[in-house]
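Subject: A structure to look through, with notes

Dear colleague,

I am handing over a structure for you to look through, and my notes come after it. Please keep it open beside the text while you read.

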Amino acid sequence: MIDAVAFIFARAGSKGLPGKNIRPLDGKPLISWAIEQARAVSSIRRIIVSTDSKEIASIATEYGAEVPFMRPKELAQDNSPEWKSWRHALRYLQKSEGKLPDAMVSLPTTAPLRLVMDIENCLTVFSEGDCDAVITMTEAHRSPWYNMVKMREDGTVGLIIPSNGEIFRRQDVPTVYDVTTVAYVMDPLFVLAKTSLY
């Protein structure tokens, strides 16, 4: 069985929806959904919450997660790349245990409707494949080649990916996907060696 550690990254300073990680959803704090889903996966041996908030930490431990460290302020800003928080958490684990798990599982709090089976399927694909990371995605409803535009400096709009003169119909564009952020399963060595997922 694969040795996996789940991480939930939940900083306090959300601007879009203040306090989102602990806001109630169906009578429970949002973060509790991710914790309970991780607890239901047999190959996940630890659930660690990375946060800069004592309130989030208290709620996380109440629902069965560990909060063995507080996230440094510089990793909890609006412009702090989450990748750096992933690396910080892995370095903590490496230092405290003297080793890394086979897989790091990141479970965003913002996907509370994920199924336990989704996490298990990601772990299965990761353990069977020769890959650095497994992400969840769904076929996109819009295409940057056909019906997604951006504003130009001159005030006009243009396609995000301009046609090369060969694409005339929606059916001719390559299939694109939306990342669903249900779960990320990654090789810890990949996270520590690289600077981004892509």
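What follows is an account of what was found, from the whole chain down to single residues.

A word on the basis: this is a predicted model, in which local features need pLDDT of at least 70 and side-chain atom pairs count only at pLDDT 80 or more, while totals for chains, interfaces and linings use all residues. Residues are numbered from 1 along each chain as its sequence is written, and side-chain values use heavy atoms, with hydrogens and water left out.

**The chain as a whole**

The chain holds five helices and nine strands, where helices (H or I, at least four residues) and strands (E, at least two) are DSSP runs numbered from the N terminus. Read from the N terminus, the elements follow the order β-β-β-α-β-α-α-β-α-β-β-β-β-α. The C-alpha trace spans about 55 × 40 × 35 Å along its principal axes. Of the 198 residues, 42% count as buried; here buried means under 20% relative accessible area, exposed means over 50%, and partly exposed lies in between (1.4 Å probe, protein chains only).

The accessible surface comes to about 11,400 Å², and carbon and sulfur atoms account for 51% of it; such areas come from the Shrake-Rupley method with a 1.4 Å probe, and for residues only the protein chains shown count as cover. If we take contacts (heavy atoms within 4.5 Å) between residues at least 6 apart in sequence, 68% of them join residues at least 24 apart.

**Salt bridges**

How many salt bridges does a search of the whole structure find? The search finds six, a salt bridge being a side-chain nitrogen of Lys or Arg within 4 Å of a carboxyl oxygen of Asp or Glu. One of them joins E36 to K28, with the closest N and O atoms 2.6 Å apart. E36 counts as partly exposed because its relative accessibility is 30%, and K28 is likewise partly exposed because its relative accessible area is 21%.

Another salt bridge pairs R45 with E97, the closest N and O atoms being 2.8 Å apart. This pair links distant parts of the chain, since R45 lies in strand 4 (residues 44-50) and E97 in helix 3 (residues 82-97), 52 residues apart. E97 also forms a salt bridge with R46, where the closest N and O atoms are 2.6 Å apart. Here too distant parts of the chain are linked, with R46 in strand 4 and E97 in helix 3, 51 residues apart. R45 is partly exposed because its relative accessible area is 36%, whereas R46 is buried because its value is 14%. A network of salt bridges links D3, R45, R46, E66 and E97.

I22 sits in the loop between strand 1 (4-9) and strand 2 (24-25). Is I22 buried, exposed or partly exposed? I22 counts as partly exposed because its relative accessibility is 22%. Leaving aside residues up to four places away in sequence, I22 touches P29, L30, E55, I56 and I59. I22 and D102, by contrast, are 80 residues apart in sequence and 30 Å apart in space, C-alpha to C-alpha.

**V157**

Finally, V157 belongs to strand 8 (residues 157-159), and V157 is partly exposed because its relative accessible area is 46%.
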